[in-house]
Amino acid sequence: MGFTVRNETLCGLDDLLVQADIAMYAAKEAGRGRWVEYSPLLGEISHRRLSIEHGLRNAIDNDEICLHWQPKVDLQTWQVTGAEALLRWRHPDLGEISPMEFIPIAEQCGIIDKLGVWALTEACRAGTHELAGLTIAVNVSASQLQFGDYLNGLKDVLRTSGMTPEKLELELTESVLIEDADKAVTILNAIRSTGVRLALDDFGTGYSSLSYLRRFPFDTLKIDRSFVTELLTKPDARAIVKMITDLANELGKRTVCEGVETLEQLQIVCAANCHEVQGFLISPPCPLESFPRTLDPDLNPRLSA
Ligand code: C2E
Ligand code: MG
Ligand code: MG
């Protein structure tokens, strides 16, 4: 690992040390045996990352974090049956920051546990009030399950909120299964035994293995948006969606298609016997106040096909 800093801008020694630090961390992040040269762009990226990390530490206390909700729609009944909670953060200087950017940083610096408890607590509160009756989905990072005592925290939130465990679904990506599969089986079985349901998010990407489906107690497979996006242009995407829904049906699991944006995509996933859909076509994630309870009947693929 190495790093270089050229003092072309003739900055002071303090600045030079900061720049050396930035290049060194970038080299470390890039992996073993890498050289990284400091550049103003690297400085900007690193500065933004530090601002995010710093801001995240107080974001909950400063009331900058909230949840948005995206409906899940049952394709048999054309009813909203569930709602997925998605974190939103408005940084006082940087503005709206995507969870795709801040969640990985929160995971790396250990803030994800606090954020995760906040999201679960607020989701269960909404699930017993404004969204009562719907299945509430909450995303959980692999690192939340690896350290600390996730199970007892979950039981506490269920008890204090009065949330029906069967109405709560935790969405996990397969990264949770890769790190330490034996440990993951134990904790997922323990969570499942509380009655809380488990969904495998972004299914079909990464290293998805069919053996996961036998070994881990998932109730639901969420078919990744990348397949849905290509449904009309790539025959193999259509075949994969059909194959996943057929397999899930045989195994007694539910399927949710993520990222449905057009009527044509909706019709294809409906014909593939997928159980539920989510996507901008029906509604983007939105604040509780604008969460849709009724759906446009003209979009119903069983009527418009
Ligand atoms: P995810 O759980 O797979 O959530 C789906 C993402 O796709 C959301 O992005 C949603 O806004 C977006 N999406 C939904 N429908 C459509 C569509 O039709 N088209 C397009 N282009 N996008 C669509 P978002 O809200 O930016 O969240 C990104 C990821 O951040 C989530 O992916 C999840 O992995 C993570 N995340 C969000 N909230 C939490 C949280 O509370 N805890 C954890 N651990 N991760 C979270
Ligand atoms: Mg999700
Ligand atoms: Mg997903």
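## The largest cavity

In this predicted model, the largest cavity is lined by Ala142, Leu145, Gln146, Val176, Glu179, Asp180, Lys183, Ala184 and Ile187. At least two residues of this lining come from each of three helices, namely H5 (142-146), H7 (175-179) and H8 (181-192). By residue class, the lining of the largest cavity is made up of five nonpolar residues, three charged ones and one polar one.

The volume of the largest cavity is about 80 Å³, and the structure holds one cavity of 30 Å³ or more.

## The pocket that holds ligand 1

Ligand 1, for its part, is found in the largest pocket. Two or more residues of the shell around ligand 1 are given by strand S4 (79-91), by helix H3 (99-108) and by strand S8 (197-203), and among these elements S4 contributes the most, with four residues.

There are 23 residues around ligand 1, of which Arg88, Asn139, Ser141, Glu261 and Phe280 come nearest. When the residues of this shell are sorted by class, ten are nonpolar, seven are charged and six are polar.

## Polar contacts and cover

Several side chains place a polar atom beside ligand 1. For Arg88, a polar side-chain atom lies 2.8 Å from an oxygen atom of the ligand, while for Glu258 the distance from a polar side-chain atom to an oxygen atom of ligand 1 is 3.2 Å. Glu261, in turn, has a polar side-chain atom 2.5 Å from a nitrogen atom of ligand 1. On its own, ligand 1 has 800 Å² of accessible area, and the protein covers 84% of it.

Definitions and conventions
Residues are numbered from 1 along each chain as its sequence is written. Chains are lettered from A and ligands numbered from 1 in the order in which they are written. This is a predicted model: local features need pLDDT of at least 70, side-chain atom pairs count only at pLDDT 80 or more; totals for chains, interfaces and linings use all residues. Side-chain values use heavy atoms; hydrogens and water are left out. A residue is near a molecule or strand if one of its heavy atoms lies within 4 Å of it. A polar contact is a pair of N or O atoms within 3.5 Å; within protein, one must be able to donate a hydrogen and the other to accept it, and residues adjacent in sequence count only if both atoms are side-chain atoms. Accessible areas come from the Shrake-Rupley method with a 1.4 Å probe; for residues, only the protein chains shown count as cover. On a 1 Å grid over the protein atoms alone, a cavity is a set of points where a 1.4 Å probe fits but cannot get out, and a pocket is an open set with protein on both sides within 12 Å along at least five of seven lines; lining residues have an atom within 4 Å of a point. A molecule sits in a cavity or pocket if more than half of its atoms lie within 2 Å of its grid points. Ala, Val, Leu, Ile, Met, Phe, Trp, Tyr, Cys and Pro count as nonpolar, Asp, Glu, Lys and Arg as charged, and the others, Gly among them, as polar. Grid points are joined across faces, edges and corners, and a volume is the space filled by probe spheres set on the points.
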